[in-house]
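Please keep the sequence and the model at hand while reading.

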Amino acid sequence: MEIHIPTPLRQYADKKASVTVEGATVNDALSALTAAYPELKKHLFTDEGKVRSFVNLYLNDDDIRYLPEKEATAVSAKDSLTIIPSIAGGCQ
(Lines give C-alpha, C1' and ligand atoms only; values in the text may rest on other atoms or scores of the structure.)
Protein backbone atom coordinates (compact mmCIF):
# COMPACT_ATOMS: atom_id res chain seq x y z
CA MET A 1 0.00 0.00 0.00
CA GLU A 2 1.07 3.58 -0.47
CA ILE A 3 1.55 5.86 2.53
CA HIS A 4 1.53 9.60 1.89
CA ILE A 5 3.99 11.48 4.11
CA PRO A 6 3.15 15.08 5.08
CA THR A 7 5.73 17.75 4.31
CA PRO A 8 6.81 18.31 7.96
CA LEU A 9 7.67 14.60 8.35
CA ARG A 10 9.41 14.04 5.01
CA GLN A 11 12.77 14.93 6.52
CA TYR A 12 12.48 11.67 8.51
CA ALA A 13 11.56 9.62 5.41
CA ASP A 14 14.42 10.49 3.03
CA LYS A 15 12.38 13.49 1.83
CA LYS A 16 9.87 11.19 0.14
CA ALA A 17 6.30 12.35 -0.42
CA SER A 18 5.05 8.76 -0.35
CA VAL A 19 6.38 5.28 0.25
CA THR A 20 5.09 1.83 -0.56
CA VAL A 21 4.92 -0.74 2.24
CA GLU A 22 3.37 -4.14 2.77
CA GLY A 23 0.99 -5.06 5.55
CA ALA A 24 -2.33 -6.73 6.23
CA THR A 25 -3.66 -3.93 8.46
CA VAL A 26 -3.13 -0.23 9.02
CA ASN A 27 -0.98 -1.12 12.06
CA ASP A 28 1.14 -3.48 9.96
CA ALA A 29 1.65 -0.79 7.33
CA LEU A 30 2.67 1.76 9.97
CA SER A 31 5.04 -0.78 11.52
CA ALA A 32 6.64 -1.37 8.12
CA LEU A 33 6.93 2.38 7.62
CA THR A 34 8.63 2.98 10.97
CA ALA A 35 10.88 -0.05 10.47
CA ALA A 36 12.10 1.49 7.21
CA TYR A 37 12.26 5.02 8.66
CA PRO A 38 12.80 4.71 12.45
CA GLU A 39 12.91 8.47 13.03
CA LEU A 40 9.22 8.67 12.13
CA LYS A 41 8.21 6.50 15.07
CA LYS A 42 8.54 9.17 17.75
CA HIS A 43 6.51 11.58 15.63
CA LEU A 44 3.67 9.13 14.98
CA PHE A 45 3.45 7.08 18.21
CA THR A 46 3.45 7.67 21.95
CA ASP A 47 5.88 5.80 24.21
CA GLU A 48 3.02 3.34 24.81
CA GLY A 49 2.80 2.57 21.08
CA LYS A 50 -0.49 4.40 20.44
CA VAL A 51 -0.94 6.72 17.47
CA ARG A 52 -0.44 10.26 18.78
CA SER A 53 -3.67 12.20 19.25
CA PHE A 54 -2.61 14.95 16.84
CA VAL A 55 -1.85 12.47 14.04
CA ASN A 56 -4.81 11.91 11.72
CA LEU A 57 -4.80 8.84 9.51
CA TYR A 58 -6.99 8.46 6.44
CA LEU A 59 -7.39 5.10 4.75
CA ASN A 60 -8.36 6.09 1.23
CA ASP A 61 -10.92 8.80 2.15
CA ASP A 62 -11.96 7.45 5.55
CA ASP A 63 -10.70 8.74 8.89
CA ILE A 64 -9.60 5.57 10.65
CA ARG A 65 -10.90 6.85 13.99
CA TYR A 66 -14.41 6.25 12.63
CA LEU A 67 -13.79 2.82 11.13
CA PRO A 68 -15.02 -0.13 13.25
CA GLU A 69 -11.56 -1.75 13.44
CA LYS A 70 -9.58 1.53 13.60
CA GLU A 71 -5.83 0.73 13.21
CA ALA A 72 -6.65 -2.98 12.92
CA THR A 73 -8.56 -2.33 9.68
CA ALA A 74 -7.50 -4.67 6.88
CA VAL A 75 -5.76 -3.10 3.90
CA SER A 76 -4.75 -4.17 0.41
CA ALA A 77 -1.96 -3.18 -1.96
CA LYS A 78 -4.43 -0.87 -3.76
CA ASP A 79 -5.18 1.18 -0.64
CA SER A 80 -3.53 4.43 0.34
CA LEU A 81 -2.93 5.78 3.81
CA THR A 82 -2.51 9.51 4.31
CA ILE A 83 -0.87 10.93 7.44
CA ILE A 84 -2.13 14.39 8.34
CA PRO A 85 -0.73 16.03 11.47
CA SER A 86 -3.04 18.50 13.20
CA ILE A 87 -1.83 22.06 13.11
CA ALA A 88 -2.38 24.39 16.05
CA GLY A 89 -2.13 28.12 16.22
CA GLY A 90 -3.51 31.06 14.36
CA CYS A 91 -3.81 34.81 14.42
CA GLN A 92 -5.48 36.89 17.06
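## Sheet order and edges

Five strands form an open sheet with mixed pairing, in the order β2-β1-β5-β3-β4; strands and helices are DSSP runs, E for strands with at least two residues and H or I for helices with at least four, numbered from the N terminus, and two strands count as paired if DSSP finds at least two bridges between them. The edge positions are held by β2 (18-20) and β4 (62-63), and because each has a single partner strand, one side of each is left without a neighbour in the sheet.

## Basis and confidence of the model

This is a predicted model, in which local features need pLDDT of at least 70 and side-chain atom pairs count only at pLDDT 80 or more, while totals for chains, interfaces and linings use all residues. Residues are numbered from 1 along each chain as its sequence is written, and side-chain values use heavy atoms, with hydrogens and water left out.

The pLDDT, which is the predictor's confidence in each residue on a scale from 0 to 100, has a mean of 92 over the chain, and 93% of the residues reach 70 or more. Confidence is highest in β1, at 97, and lowest in helix α2 (residues 41-44), at a mean of 93.

## Strand pairing

Strand β1 (residues 2-4) runs parallel to β5, to which three bridges join it, and within this pairing E2 stands opposite S80 of β5. Helix α1 packs on the sheet, where it touches β1, β2, β3 and β5, and its direction makes about 70° with that of β5; contact here means heavy atoms within 4.5 Å, and the angle, on a range from 0 to 180 degrees, is taken between N-to-C directions of axes that are lines fitted to C-alpha atoms, for helices over the stretch in contact.

Strand β3 pairs with β5 in the antiparallel sense over five bridges, and L57 has I83 in β5 as its bridge partner. Toward β4, β3 is joined by two bridges, again in an antiparallel arrangement, with L59 opposite D62. These two strands, β3 and β4, form a hairpin with two residues between them, and N60 in the turn has a positive phi of about 60°. Four of the five residues of β3 are buried, which leaves the strand mostly covered; buried means under 20% relative accessible area, exposed over 50%, and partly exposed in between, with a 1.4 Å probe and protein chains only.

## The nonpolar core

The largest nonpolar core has 24 residues, of which I3, L33 and I83 touch the most other members; such a core is a set of buried Ala, Val, Leu, Ile, Met, Phe, Trp, Tyr and Cys residues joined through side-chain atoms within 4.5 Å. The elements that contribute two or more residues are α1 (26-36), β3 (55-59) and β5 (80-85), and α1 gives the largest share, four residues. Leaving aside residues up to four places away in sequence, L33 touches I3, I5, V19, V21, L40, L44 and I83.

## D28 in helix α1

D28 is found in α1 and counts as partly exposed, at 35% relative accessibility. Its side chain reaches the backbone nitrogen of A24 at 3.2 Å, a polar contact being a pair of N or O atoms within 3.5 Å, where within protein one must be able to donate a hydrogen and the other to accept it, and residues adjacent in sequence count only if both atoms are side-chain atoms. Beyond residues up to four places away in sequence, D28 touches E22 and G23.

## Two lysines with positive phi

K15, in the loop between β1 and β2, has a positive phi of about 60° although it is not a glycine, and this lysine is exposed, with a relative accessible area of 68%.

K70, in the loop between β4 and β5, also is not a glycine and has a positive phi of about 50°, but K70 is partly exposed, at a relative accessible area of 39%. Not counting residues up to four places away in sequence, K70 touches V26, I64 and R65. From K70 to D14 the distance is 28 Å, C-alpha to C-alpha, with the two residues 56 apart in sequence.
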